[in-house]
Amino acid sequence: MSLGLLQNTLLPHFSATPLSISQSHNLLFTFPHNKNPTFTGRGSLILRAQISCNKSESIPLIKESMDIKKEVQELNRNLYEHIEPYATGFLEVSDLHTIYWEQSGNPSGHPVVFLHGGPGGGTSPSNRRFFDPEFYRIILFDQRGAGKSTPHACLEDNTTWDLIKDIEKLREHLQIPEWQVFGGSWGSTLALAYSQSHPEKVTGIVLRGIFLLRKKEIDWFYEGGAAAIYPDAWEPFRDLIPENERDCFVNAYHKRLNSPDINTQYAAARAWTKWEMMTAHLLPNEETIKRGDNDAFSLAFARIENHYFVNKGFFSTDSYLLDNIRKIKHINTVIVQGRYDCCCPMMSAWDLHKAWPEAEFKVVSDAGHSANEPGIAAELVAANEKLKNIIKTR
């Protein structure tokens, strides 16, 4: 488990004073039942600890923390340089849908598949930078209806289970026996669902900005919860909908995003997308916000997102992903979460951590939702480095 800053009141009879804190202010710790805490954190942190019931036990605690500090310093936390794909293509996954895919990095390296957010967001060249291109064979693809995949913004035959089948078809097409899975936001939802469906094909998982697609998460972001923090961004989203339809904004937008009038679709898509883009960073990011002005991007992003939310992710129960964690508890996993994530609030990452304490849990104390925020990006790179080191030692 990882938190931003350790509070002195966290455990009875235990106090910790950080003397030097790394840029992301992260500390990882686990608490075995009926035992003293064991620290396994990363960052330039010197821990001074005292356990009042037995002062001699503070000595190995300090030694372990110092050993981990040395290990952390050896992990790269910087994004890798931009690279170009060495192969691209289109895979026909149904009579209707064709998905775009690409490969970059080391053709003989360890495969990792990147699952983009949204759904409907598509991939971008910057997604390749989280992975060591000398070690990883990096596979990106655009999910049904998104990015370069066709038909654009299509909702027909577009469900979570269709996407899971597509991932498997792509793995088989590329002749990959097993691979690492990386996903953020909706990508974390899909990564969990895919891994639970095919755990034998997954060597490791990196998750960011946890989204479990539960009703309370949808209500938080689309029915007025996040508006308490971003009222200026919320009002244009709200005002597109007449007052007599504001009892459920997801349904009201669904009506407009599926209107026979394309201009009505575009107007709703721009409002939906800008609301999310304006809240995606801890500090406003103009480049991200401008994506809401792109009608082609916004239409796929908004229509497909809304389609999945109206249909509750196509899961049989609200807690489906949490209920099936047992299937993947054995897989090496790192969870990265921004403390001030308004799109996918930390309550979901915390619920996932409690259901899955075996996974490493990193909370970035000075970040929101976006993978491109410095603290989030650093932790994602480091997570891939950790999994890389595990694979190298096999």
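Q: What makes β6 and β13 edge strands of the open sheet?
A: The sheet has 8 strands in the order β6-β7-β9-β8-β10-β11-β12-β13, with mixed pairing. Two strands pair if DSSP finds at least two bridges between them. β6 (87-92) and β13 (360-364) each have a single partner strand, so one side of each is left without a neighbour in the sheet. This is a predicted model, in which local features need pLDDT of at least 70, side-chain atom pairs count only at pLDDT 80 or more, and totals for chains, interfaces and linings use all residues. Residues are numbered from 1 along each chain as its sequence is written, and side-chain values use heavy atoms, without hydrogens and water.

Q: How do you know that β11 pairs with β12?
A: DSSP must find at least two bridges, and 4 bridges join β11 to β12 (residues 333-338), the two running parallel. In one of them, Ile 205 has Thr 333 of β12 as its bridge partner.

Q: Why are α2 and α3 called roughly perpendicular?
A: Their axes, lines fitted to C-alpha atoms over the stretch in contact, cross at roughly 70° and come within 10 Å. Angles of 65 to 115 degrees count as roughly perpendicular, and α2 and α3 are therefore described in that way.

Q: Why is Lys 201 called partly exposed?
A: Buried means under 20% relative accessible area and exposed over 50%, with partly exposed in between (1.4 Å probe, protein chains only). Lys 201 has 22%, and is therefore partly exposed. Lys 201 lies in the loop between α3 and β11 (202-208).

How values were computed
Axes are lines fitted to C-alpha atoms, for helices over the stretch in contact, and angles run from 0 to 180 degrees between N-to-C directions. Angles under 35 degrees count as roughly parallel, over 145 as roughly antiparallel, 65 to 115 as roughly perpendicular and the rest as oblique.
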